[in-house]
Each structure stands twice: as C-alpha cells, then as structure tokens.
Amino acid sequence: MRFDIPPPEPLASAPGFLLSWNGQRTAHLFAATLEPLGLRPPHFGVLTLIHSHPGCAQQELVDRSLIDPSSMVAVIDELEELGLAERRAHPGDRRKHAVHLTASGEQTLQQARKLANETAKEMFAPLSAEEVKTLRVLLRKLAGVEG
C-alpha cells in the first residue's frame, strides 16, 4: 500500500477505510522509525511495559501487552539477545522469571521514545492540538477505553 499520496475518492470518504489506511500508515512509519535502533514495534511496546513495571513476570507482560505467550517469549528472547532486557529469578516464585531492562535497554528506550515522539509530531502536524485531543478521545471511545 502506498502512503506517499492520499487515498482517492470514494475511499477518502469512507471512515472505516480511512481508519485502516491511517493505522497501516502509522504502523509503517513507526516501524521505519525504530529500524535504525534495531527495534520493531513489539520491542518498543514490551520495553515500555518493562520500564513501567520493572521486575514483572513474563505472564504479566503477556496480560498487559495483548501479545500471545509464545510471541512474548520470542520478543523477550530478542530483547535479551540485543542486551536490552534480562530475565532474573522472580523473588516471590522460583518458577517465574522477573524481567528487567538493562542500562542499555533504558538508553535505547529513551532514544526510541524520542524518535516516536518526533514521528507522532510529523503524523499529527496537519491537526491542531485541540483536534489531536479530540482524535484521542474518539479513538479511545472506539476502542472501548473509558475516559
């Protein structure tokens, strides 16, 4: 799919198509933004969750991320191979692993967030701050998220 030109009519008047097209466009741009850091969007999401809940168990990450368990294992394996995260013995349950960011993981997440924010600014540049706020509210409503 091309994202360098706007979609033509009548597609440009179909809300469902526009939502899908913009979602794919955003995903494409976000993936390209993370690529120089050696990351993919699932890496970013899991790094963000680990950062906000350091030492949580893998299953907690599965529950919070909406990623299936086998994919989560693969993502954490990749993050470990990249030196960005590490599994440690869980203090409350020897059968579990607590997942932590490494110092390199913290730095990489900081860089990734900066790039993600720059990409978001570019994406939302045609909108005013009030329109971005309204869009967020409407998308949350469509997703069934309160407030």
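The side chains of Thr-33 and Thr-119 make a polar contact at 2.7 Å (a pair of N or O atoms within 3.5 Å, where one must be able to donate a hydrogen and the other to accept it; residues adjacent in sequence count only if both atoms are side-chain atoms). This is a predicted model, where local features need pLDDT of at least 70 and side-chain atom pairs pLDDT 80 or more, while totals for chains, interfaces and linings use all residues. Residues are numbered from 1 along each chain, and side-chain values use heavy atoms, leaving out hydrogens and water.

Thr-33 sits in helix 1 (residues 15-34); helices here are DSSP runs of H or I with at least four residues, and strands are E runs with at least two, numbered from the N terminus. Thr-33 is buried at 14% relative accessible area (buried is under 20%, with a 1.4 Å probe and protein chains only).

| Residue | Touches |
|---|---|
| Thr-33 | Leu-115, Ala-116, Thr-119 |
| Met-72 | Val-46, Gln-58, Leu-61, Val-62, Ser-65, Ile-67 |

Met-72 also turns up in the largest nonpolar core, which has 23 residues; among those touching the most other members are Met-72, Phe-44 and Ile-50. Such a core is a set of buried Ala, Val, Leu, Ile, Met, Phe, Trp, Tyr and Cys residues joined through side-chain atoms within 4.5 Å. Helix 2 gives the most to this core, with 5 residues.

Helix 2 (residues 41-52) also passes helix 3 in a right-handed crossing. Val-46, Leu-49 and Ile-50 of helix 2 meet Leu-61, Arg-64 and Ser-65 of helix 3 there.

Note on methods. A crossing is left-handed if the near helix is turned anticlockwise from the far one by less than a right angle, and right-handed if clockwise. Contact means heavy atoms within 4.5 Å. Buried means under 20% relative accessible area, exposed over 50%, partly exposed in between (1.4 Å probe, protein chains only). Lists of a residue's contacts leave out its neighbours within four places in sequence.
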